[in-house]
Amino acid sequence: MKSPTQLKEIEDFKSAYIKKIEEVSGEYLALSSHLNQYQALAEIVMEKVATQWAKTSAQYDTIPHKRVYLFSIEFLIGRLLKSYVNSLNWEETVKIAMHELGLDYQTILDQETDPGLGNGGLGRLMACFLESAATLGLPFHGNGIHYKHGLFEQKIINGEQVEVSDNWLRNGYPFEIRKPNESVIVKFYGDIHYEKVNGALTFVYENYEPILAVPYDLPVKGYHNSTVNSLRLWSAEPLDEFDLLSFNKGQFIDAVRHKSEAEAITQILYPNDNEAGGKLLRLKQEYFFVCAGLKRIISRFKRFNQNCLDDFSEKIAIHINDTHPALCGPEMMRILMDDEGLSWNDAWKITQNSLTFTNHTVLPEALEKWPVEMMKFLIPRIYMIIEEINRQFGESLRLKAGLNELQISALSIIQDNQINMANLAIVCSHSVNGVAELHSKILKEETFNGYYKLFPERFHSVTNGVTPRRFLINCNTNLRDLITESIGTEWIKNLYDLENLMRFKNDLAFAKRFCQIKLDNKIRLSHYIKQQNQIVVNPESIFDIQVKRIHEYKRQLLNALHVLHLYNCLKANPNQEFIPRTFIFAGKAAPGYYFAKEIIKLINAIAELVNNDPAIHDRIKVVFLANFNVSLGEIIYPAANISEQISTAGKEASGTSNMKFMMNGAITLGTMDGANIEIYEAVGKENIVTFGLSSDEVTHYEKQGGYSSIEVYESNEHIQKIMHQLIDGTFGHLGNFQSIYDSLLLYNDTYFILKDFDSYLGAQKRINSIFQDKTKWFNMALHNVAYSGRFSSDRAVLDYQKKIWKTI
Ligand code: KOT
């Protein structure tokens with residue numbers, strides 16, 4: 001029964017919506033398109049959010065809380081409409097209203113584009129942190145880039161990845177506000193020199209190219225509260241639409257060149273995950289959003305602080321998310337000295353006390369280094385400042401720490417004519433952290449050991465987390481309702497409360513509903529698979545899922561080779577007892593990463609072989625879902641039985657999909673890597689399946705130049721068989737996989753795939769035997785949900801507040 005207030009709310013909503021439809025489309029509701037229906041709902045929701053947004057901003061201006069600004073080159077925010085509706089506590093009203101108006105709510109939600117403003121874990125983490133901070137009511141804002149084109153859309157054609165350009169702004173975007181009056185000028189190129197003016201040496205920067213940075217603000221709304229923070233994304237525009245001088249001379253092409261060169265800066269997101277590209281345009285992007293963001297933050301601070309910058313670092317924390325915004329150090333020095341007239345020493349104190357830095361990867365190819373010449377050419381003043389920071393740092397190591405020249409050069413920001421951006425970030429900030437316990441340990445003992453020895457107090461660890469609102473509450477509503485009916489609502493804001501679910505471990509009725517919800521989620525995913533890939537899968541089979549960027553270190557190849565091996569076993573012994581499995585893969589490969597694209601091709605080749613072989617009797621199905629993104633993840637995570645987290649130990653800094661799967665009751669099949677280790681500790685060894693070399697073992701082999709993959713190959717006939725199949729025509733018209741064969745045997749298997757193969761096989765067998773015991777399986781799944789509390793990004797953000805930003 002609905003209360004009179006509820007009924008009135010629904011009626012009011014319906015009339016407002018009917019009116020809004022007419023406004024956005026000029027049509028009556030009955031004639032409106034799905035897109036118009038979406039736009040109308042988005043506008044109504046945005047109006048409500050904007051009211052709270054204005055109020056939050058005004059409150060922040062009067063309360064002197066320390067503010068945190070997250071600087072990141074990626075914010076993978078996902079679709080926002082459903083998040084806003086649910087966080088406004090409007091879910092029921094909107095659903096009923098839509099239903100009563102004869103509209104399909106899900107179809108309306110599906111009209112929203114999914115902004116791909118990030119590659120994967122790094123960008124998604126920032127979106128989770130923003131959501132958590134708003135939910136916790138903390139003054140915490142994002143600063144990034146307004147890419148015109150986000151991450152490419154992936155199509156699979158003849159088993160191969162084909163990239164299509166993304167155009168998320170095609171139909172306009174209802175959740176952003178362009179703020180031209182808060183634009184800033186960013187200067188590139190040019191010459192610098194000192195001139196004597198009235199006897200004093202004055203710094204002159206001329207012939208530079210000015211670019212206009214225009215901010216777009218997106219509201220970040222807290223769940224069931226009235227806090228709305230901001231994500232500010234900067235767009236590059238020409239200062240003048242046309243270069244009038246060229247235009248008047250009749251040089252039309254030259255006149256527009258300036259426009260397109262300016263716009264190029266924020267045209268597109270670089271599609272590499274865990275790799276540093278090294279292109280001039282990327283460096284331009286990095287400086288662009290750092291410069292614009294800092295200028296605005298500093299000028300706002302002065303406005304509310306009687307023009308005084310003295311206590312800046314007590315009131316503001318600037319967080320450098322990986323090294324892409326590492327120019328925050330020298331840029332802040334530049335603003336404080338050149339624009340604000342502070343001395344070097346005063347500027348340095350403020351800069352270092354304000355900046356904190358998180359590293360997200362130890363892969364050497366991802367550690368950014370920029371050629372000195374490029375930096376000098378593009379941002380000459382910044383280069384000068386970097387040189388001086390480095391000189392003074394070297395001097396302090398020599399004089400205060402007593403290091404010799406060799407030791408100093410190992411810690412130098414400038415090495416081999418390149419700027420080492422991680423070194424720059426460490427030197428300019430007062431805190432460095434890794435994103436899981438093991439990763440932080442590797443940073444201290446290996447990657448940044450030289451710095452750790454000098455400044456042990458600067459090093460911290462904060463394990464990543466994910467928002468349970470997006471990755472459980474809004475995407476697995478049946479599980480949400482079961483949990484709330486069982487333990488109340490407290491868990492939504494304090495995820496540790498999920499531990500109370502353990503009271504139901506022997507409750508049959510609960511177990512039945514819990515398992516039915518998983519089955520329903522698997523059926524939902526099966527429909528999606530049927531619709532997208534025309535493959536029929538069995539929802540009763542084990543859903544074994546690996547979704548993440550395709551990368552050698554993440555070892556999708558190990559998973560794929562295991563499927564091929566199972567296929568071989570069934571072919572050799574068709575009547576063996578076999579527990580049906582559906583292997584689901586999804587993920588994008590960087591367009592220039594040949595080997596990763598070969599892995600996608602191989603998975604699709606195996607899918608074609610296995611899915612169409614009548615001898616298999618549908619006991620194995622292999623599915624590669626195209627275009628993995630946040631929205632697809634929201635359908636996939638709730639449907640998983642097995643969460644594949646099988647990176648080479650020591651290589652995955654944390655991983656976050658492991659957490660999303662766990663919250664939804666999947667069992668982790670993983671190596672002792674990144675946050676898997678902490679999941680192991682949280683659920684206990686009975687409730688996770690682990691395998692493979694440890695990170696110490698991997699390092700041990702690496703120090704000897706690797707292990708011998710040929711030896712493993714020669715001693716294992718299963719491996720011999722699958723290796724031959726890669727090159728013997730098994731995959732028919734889909735071709736051979738010589739490069740994969742070579743990397744494993746000729747180039748000695750850098751990622752230890754063959755070395756871990758047997759151990760992985762054993763782990764998969766253990767899963768089969770556990771799955772047969774339904775009670776045991778339920779118990780494991782329940783443990784995973786119940787102990788996922790520490791993997792909430794609420795906990796992660798609070799850890800940062802306590803350990804790093806010292807705001808609470
Ligand atoms: C590096 C360079 C360019 C683009 C992305 C990266 C990157 C991504 N570096 N680390 N990551 C991932 O960050 C996640 C969030 O901390 C981690 O969970 C994951 O292990 C990293 O691979």
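The domain bounds used on this tour come from an automatic or database domain assignment. Welcome, and keep in mind that you are looking at a predicted model.

**Stop 1: colour by confidence.** The protein has a mean pLDDT of 96, with 99% of its residues at 70 or more. Now select residues 244-248: this is helix α7, where confidence is lowest, at a mean of 64. The model as a whole scores 0.98 for ipTM and 0.98 for pTM.

**Stop 2: the ligand.** Select the ligand and show what is around it: 20 residues surround it, and Gly121, Leu122, His360, Thr361 and Ser654 are the closest. Which domains supply this shell? Colour domain 1 (64-79 + 114-464 + 799-804) and domain 2 (507-774), and you will find that each contributes at least three residues to the shell.

**Stop 3: the largest nonpolar core.** This core holds 220 residues, and those touching the most other members are Phe288, Cys328, Ile603 and Ile606. Next, select residues 280-303, helix α9, which gives the most to this core, with ten residues. Where does the core sit relative to domain 1 and domain 2? Both domains give residues to this core, so it lies between them.

**Stop 4: zoom in on Phe288.** Setting aside neighbours within four places in sequence, Phe288 is in contact with Val186, Ala213, Trp234, Ala236 and Ile265. As general background, nonpolar side chains tend to be buried together in soluble globular proteins.

Methods. Residues are numbered from 1 along each chain as its sequence is written. This is a predicted model: local features need pLDDT of at least 70, side-chain atom pairs count only at pLDDT 80 or more; totals for chains, interfaces and linings use all residues. A residue is near a molecule or strand if its C-beta atom, placed from the backbone, lies within 6 Å of it. pLDDT is the predictor's confidence in each residue, from 0 to 100. Helices (H or I, at least four residues) and strands (E, at least two) are DSSP runs, numbered from the N terminus. A nonpolar core is a set of buried Ala, Val, Leu, Ile, Met, Phe, Trp, Tyr and Cys residues joined through C-beta atoms within 7 Å. A residue is buried if 20 or more other C-beta atoms lie within 10 Å of its own, exposed if 12 or fewer, and partly exposed in between; C-beta atoms are placed from the backbone. Two residues are in contact if their C-beta atoms, placed from the backbone, lie within 7 Å.
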